[in-house]
Amino acid sequence: MKNYPTANILLTRLNIIRDLYGQWVKCINLLHLHLESRDKLSIEEQTVCITNIVKQMATTCKKLNPEYTPIISDICKKKNNIIDIARELMNIFESVISSQIQTHKLALAPELYEFVKKEQERIDRIIDAK
């Protein structure tokens, strides 16, 4: 795609959206899996797995929207049960990811328009040259 700089912008934006969605799916699916597998895992194993997911969600939230840092810290301090922490943090995580995807989706529309416009101009030049 080196010959198509407008395509690079578009592909970069699409990759960001895909990565954000992938983070959401990965964390939420794993969390759901571990919350539903209470009889298959010991309490210790479940706690370790959910703690890792909580850390990943917290890190992602803080990276994407640092305003949530004190809120996340409060949740972790006030709640004793890792499952309660995970559920509360999941709500924040979903909101942050959704907001980021929406922001990138809105930016994608003009980039897509620009890409189509440039491609149409390129096609028109090819046709005119014949």
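A: Start with a term: contact means heavy atoms within 4.5 Å. The model is predicted.

Q: What does L31 touch, leaving out residues up to four places away in sequence?
A: L31 touches I50, I53, M57, A86 and M90. Each of these counts as a contact because heavy atoms lie within 4.5 Å.

Q: Where does L31 sit, and is it buried or exposed?
A: L31 belongs to α1 and is buried. Other buried residues of α1 include L10, I17, L20, I28 and L35. The cover over the buried residues of α1 includes α2 (43-64) and α4 (82-129).

Q: How do you know that the span of α1 is close to the expected one?
A: Helix α1 runs over residues 5-36, which makes 32 residues. From its first C-alpha to its last it reaches 46 Å. At 1.5 Å a residue, 46 Å is expected. The span is therefore close to the expected value.

Q: What makes up the largest nonpolar core?
A: This core has 22 residues. L31, I50, V54, M57 and F93 have the most contacts inside it. At least two residues each come from α1, α2, α3 (69-78) and α4. Helix α4 gives the most, with 9 residues.

Q: How do α2 and α4 cross?
A: Their axes come within 9 Å and cross at roughly 35°. The crossing of α2 and α4 is left-handed.

Q: Which residues meet where α2 and α4 are in contact?
A: On the α2 side they include I50, V54, M57 and L64. On the α4 side they include A86, M90, F93 and Q100. The residues of this contact divide into 16 nonpolar, 5 polar and no charged.

Q: Why is Q100 called buried?
A: Q100 has 19% relative accessibility. Buried means under 20%, so Q100 counts as buried. Q100 lies in helix α4. Leaving out residues up to four places away in sequence, Q100 touches L20 and L64.

Q: Why is E88 called partly exposed?
A: The relative accessibility of E88 is 31%. Buried is under 20% and exposed is over 50%, so E88 falls in between and counts as partly exposed. E88 lies in helix α4. Neighbours within four places aside, E88 is in contact with I75 and K79.

Q: How far apart are E88 and I72 in sequence and in space?
A: They are 16 residues apart in sequence. Their C-alpha atoms are 8.9 Å apart in space.

Q: What makes E94 partly exposed?
A: E94 has a relative accessible area of 27%. E94 is found in helix α4. Apart from neighbours within four places in sequence, E94 is in contact with W24 and I28.

Q: How far apart are E94 and D128?
A: Along the chain they are 34 residues apart. Their C-alpha atoms are separated by 50 Å.

Q: Why is N80 called exposed?
A: The relative accessible area of N80 is 77%. Exposed means over 50%, so N80 is exposed. N80 lies in the loop between α3 and α4. N80 and E45 are 35 residues apart in sequence, and 17 Å apart in space, C-alpha to C-alpha.

Technical notes:
Residues numbered from 1 in each chain as written. Predicted model: local features only at pLDDT ≥ 70, side-chain atom pairs only at ≥ 80, totals over all residues. Heavy atoms only, no water. Helix = DSSP H or I, 4+ residues; strand = E, 2+ residues; numbered from the N terminus. Buried < 20%, exposed > 50% of the residue type's maximum accessible area, 1.4 Å probe, protein only. Axes fitted to C-alpha atoms, helices over the stretch in contact; angles between N-to-C directions. Left-handed = near helix turned anticlockwise from the far one by under 90°. Nonpolar A, V, L, I, M, F, W, Y, C, P; charged D, E, K, R; others polar. Core = buried A, V, L, I, M, F, W, Y, C linked by side-chain atoms within 4.5 Å.
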